[in-house]
Amino acid sequence: ERRNPVNGGNQDFGLPAVQSSNNLQMAFTHRNYDLAFAGTTQLFRTTNLSDPNPEWELVHDEGFQVKSIQIHPRNPEIVAVIMLNNRIYKTHNALDAEPVFDAIELGTGSGNSSSLAMDINDDKIMYVALGTKVYRTYDDGVNWENITGTLPSVNVKKMFLDSARNDESVYLATAIGVYYRNKEMSDWKAFNQGLPTIANITDFMLYDDVSVGRKLRVSYYGR
């Protein structure tokens, strides 16, 4: 649901009822505010999200639970989806009537908690979090490197690549903290200054208006 800025009420996105569940994943892009992808076991697309009654089209159906969706930060034609069968399904023609998705084997790692981020300059560079582990590929999944390092053994909730940086700056959140690294660093460092220490993180969001006003937002249980 979306919040009505005028009266504070909620408005349904109009997704097919079968997709409305606690496992629903969604992805949006600042490149086109009317474009969104969403799904639980099928992937749907809308190109008129701001309409009171958005229309949704089925664009991919593998029959597995959708774990994470990302629209490329520069090119909305590129969309990648992690599914429960331990594969990424990626398309370079996401806005076509019938997008073609290629399967990329993750090869290692598993977890109900998943997140994916693509580099703004090279979509072959992807970071994937599976459960408590984090992996990086530079060649669209032909090779994967485990870069978990000294991260705590806690599921990664969400992960973002900073689209304004050219050093693959990555931010991720677990229930107990936020962490950062870039491609020049050999390990992660805590990024928790000013954050509460007495409650668990419930969500992690990036507000990206393509300016110096970009913000990371962290929500906590009860806060």
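Asparagine 86 has a relative accessible area of 23%, so it counts as partly exposed. Before I continue, please bear in mind that the model is predicted. Asparagine 86 belongs to the loop that joins β8 (79–83) and β9 (87–91). Its phi is near 65°, which is a positive value in a residue other than glycine. As background, most residues other than glycine have a negative phi.

A second residue with a positive phi is glutamate 168, where the angle is near 55° and the residue is again not glycine. Glutamate 168 sits in the loop between β15 (156–161) and β16 (170–174). Is glutamate 168 buried or exposed? With a relative accessible area of 4%, glutamate 168 is buried; the limit for that class is under 20%.

β8 and β9 belong to an open sheet of four strands, in the order β7-β8-β9-β10, and the pairing is antiparallel. At its edges are β7 (66–71) and β10 (101–105), each of which pairs on one side only. On average, neighbouring strands of this sheet are turned by 20° against each other, with direction ignored. Between β9 and β10 there are five bridges, in the antiparallel sense. If you wish to locate this pairing on the screen, lysine 90 has aspartate 102 in β10 as its bridge partner.

I now move to another open sheet. Its four strands follow the order β11-β12-β13-β14, also with antiparallel pairing. Which strands stand at the edges? They are β11 and β14 (145–146); each has a single partner strand, and therefore one side of each is left without a neighbour in the sheet. Further in, strand β12 (residues 126–130) pairs with strand β13 (residues 133–137) through five bridges in the antiparallel sense. Leucine 130 stands opposite lysine 133 in β13.

Serine 114 is buried, at a relative accessible area of 9%.

The largest pocket has a volume of about 1,600 Å³. It is lined by 46 residues, and those closest to its centre are Met26, Phe28, Lys158, Phe160 and Leu206. Two or more lining residues come from each of β1 (2–3), β3 (25–28), β7, β11, β15 and β19. Which element gives the most to this lining? That is β19, with six residues. By class, the lining comprises 23 nonpolar, 13 polar and ten charged residues.

Phenylalanine 204 is buried, with a relative accessible area of 0%. Setting aside neighbours within four places in sequence, its contacts are Lys158, Phe160, Tyr171, Leu172, Ala173, Val178, Leu216, Arg217 and Val218. Alanine 175 lies 29 residues from phenylalanine 204 in sequence, and their C-alpha atoms are 9.7 Å apart in space.

Thank you for your attention.

Technical notes: Residues are numbered from 1 along each chain as its sequence is written. This is a predicted model: local features need pLDDT of at least 70, side-chain atom pairs count only at pLDDT 80 or more; totals for chains, interfaces and linings use all residues. Side-chain values use heavy atoms; hydrogens and water are left out. Buried means under 20% relative accessible area, exposed over 50%, partly exposed in between (1.4 Å probe, protein chains only). Contact means heavy atoms within 4.5 Å. Two strands pair if DSSP finds at least two bridges between them. Axes are lines fitted to C-alpha atoms, for helices over the stretch in contact, and angles run from 0 to 180 degrees between N-to-C directions. On a 1 Å grid over the protein atoms alone, a cavity is a set of points where a 1.4 Å probe fits but cannot get out, and a pocket is an open set with protein on both sides within 12 Å along at least five of seven lines; lining residues have an atom within 4 Å of a point. Grid points are joined across faces, edges and corners, and a volume is the space filled by probe spheres set on the points. Ala, Val, Leu, Ile, Met, Phe, Trp, Tyr, Cys and Pro count as nonpolar, Asp, Glu, Lys and Arg as charged, and the others, Gly among them, as polar.
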